[in-house]
Amino acid sequence: MARSHPITERANELSDQLKRFRRHIHQHPELSFQEHDTSSFVEDKLREIGGMEVETGIAGTGVVATLSNGEGPTIAVRADMDALPIEEQGSHDYRSQNDGVMHACGHDAHTAILLGVAQLLGESFNQNECKGTVKLLFQPAEEAPDDNGHTGSSYVVQEGVLDEADAAFALHMCPWREVGEAQVNDGDSMANIDMFKGTIRGSGGHGAYPQQCQDPIWMLGPAMQALYGIISRKLSPLESGVLTIGQVHGGTSTNVIPSEVEVEGTLRSYNPEVREFLVDEVEKAFSIVESLGGEADVEITHGEPALKNNPQVNTWLKQTMEELYPSFQVYEGPFGLGGEDFSIVTKEMPGVMFFLGCKSSDDQQRDLHTPEFDIDEACLPYGAAILAETALRYLSGRYKLEDQNQEVTTSDA
C-alpha cells in the first residue's frame, strides 16, 4: 500500500481541531460586514500559529495573514466568513446561537479550512521549506452587498490587498458531491448576477368601479407572462439563463385598486451577451403595460460578474488532488447559476474556485441556502491539504503560470 503524503497525514492530525474551529464559527454566525467576532476568532488562531504578519480591518471586517520567506512568487488563498439571514432547523449541539442567522452556505467550513491551511503552511515556512509569499485572505461579505452595492471582494480589490499575488484560488462546499470528491470547471463556472425592479403605474380607484381605473394589478398579468416567456421563448436553449421573480408588492385593501405594483427579481447568465440580452428583454416585457393604459419604470442593479476559472490554475489543483488522494474523484462541469463574488478577484488575476464534496453522511439532501444545510466534516482535512499543497508547489516552481496562450505545463521536479 502506498504511503500517504506527509501533508495529508498532517492535515488528518488537524482534523479534530478543524472540526472545533468550524463548529465554533457555526454557532456564532454573523451577517455580511458584521463579522466582528469571527474576525477576532480568526486573528487569535493565526497569532497562535505565529510566523506570519496578520492584518485586520480588511474590507471592513476581514483578515489577511501573510507568510513570506525571501524573494519568490506570491500566491493567494481565500475563504469567506459571512453567514445568511436564515433560521437554522438543525438539532445538533453546534446549531446557531444567533436567532435568524445561520451558516447555510458553508463559509464556516471555508474559514476553518483556511485556518488549517495557515497551520500547514506556517509549519512549512518555519522549516524553511519554501521561498516566496502566501497571502491568506479571510474575506467578509460574500453573501450581501452594502448600501453602495459592493460586496467584500470588491473592497479587497479596491484596497489592493492581493495586488502582489500572481494567482489566487479558493474552494466552496459542495453538498451534491460525496466526501473524497470534487467538482472543477474551466471558464465560466458561476453566474453573472443582475437584479431588476419593475414598477407598474396606473390610476387606482374603488374596487367596485374598475372601469373607472387603470388597474396595475390587471396589467401585471401580461407583464408577468412576458417576463416568464423570456427564457423559454426568447433565449436560445443552447445558452444558460435564469429569470426568477422573488417579490411582488401592491395594494393595501381588498376594495381598493392600487395605483402601482412593484415586481422584483433576479437574472442569471454566463455569457456577457446573454446578460445584456436579458436586461433588454426585461425592459421590453414591462413596456407591454403602455398599450394597456399604464406606465412602467425598470431599475437594473448589476451584481458580480460570472466566475471565470483559469484552466492553468485548475490543472494545478486537479493534479494536486489526484496525487495526494489517488482514489479522489474529480468531476468536471459548471457549478450552476448561483453567484460568487470571488469572480471579482478572478477578473483581476488568474484564479480558480473548486467545489469540495461535503454531502452529509445522514443521506438527507442538505442544500446550500436552506435551513437544513450541514456538511460531513470529514471533508475539512481534504480541503486544507489540497489548498496548502497547491500553494507550496507553486512556490517551489513545480507549478508555473505560463502565458495564457500556451499549453499548461507542470514539472516533476
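Guide: Welcome! Helices (H or I, at least four residues) and strands (E, at least two) are DSSP runs, numbered from the N terminus. The model is predicted, so local features need pLDDT of at least 70, side-chain atom pairs 80 or more, while totals for chains, interfaces and linings use all residues. Residues are numbered from 1 along each chain, and side-chain values use heavy atoms, without hydrogens and water.

Visitor: Is His103 buried or exposed?
Guide: Buried means under 20% relative accessible area, exposed over 50%, partly exposed in between (1.4 Å probe, protein chains only). The relative accessible area of His103 is 1%, so His103 is buried.

Visitor: Which residues does His103 touch, not counting those up to four places away in sequence?
Guide: Contact means heavy atoms within 4.5 Å. By that rule, the residues touching His103 are Ile25, His26, Pro29, Met81, Asp82, Ala83, Asp108 and Phe373.

Visitor: Which strands stand at the edges of the open sheet of eight strands?
Guide: Two strands pair if DSSP finds at least two bridges between them. The sheet has mixed pairing and the order β1-β2-β4-β3-β5-β16-β6-β15. Each edge strand has a single partner, so one of its sides lacks a neighbour in the sheet; these strands are β1 (53-58) and β15 (329-332).

Visitor: In β16, what is the bridge partner of Leu171?
Guide: Strands β5 (residues 167-174) and β16 (residues 351-357) run parallel, joined by seven bridges. Leu171 has as its bridge partner in β16 Phe354.
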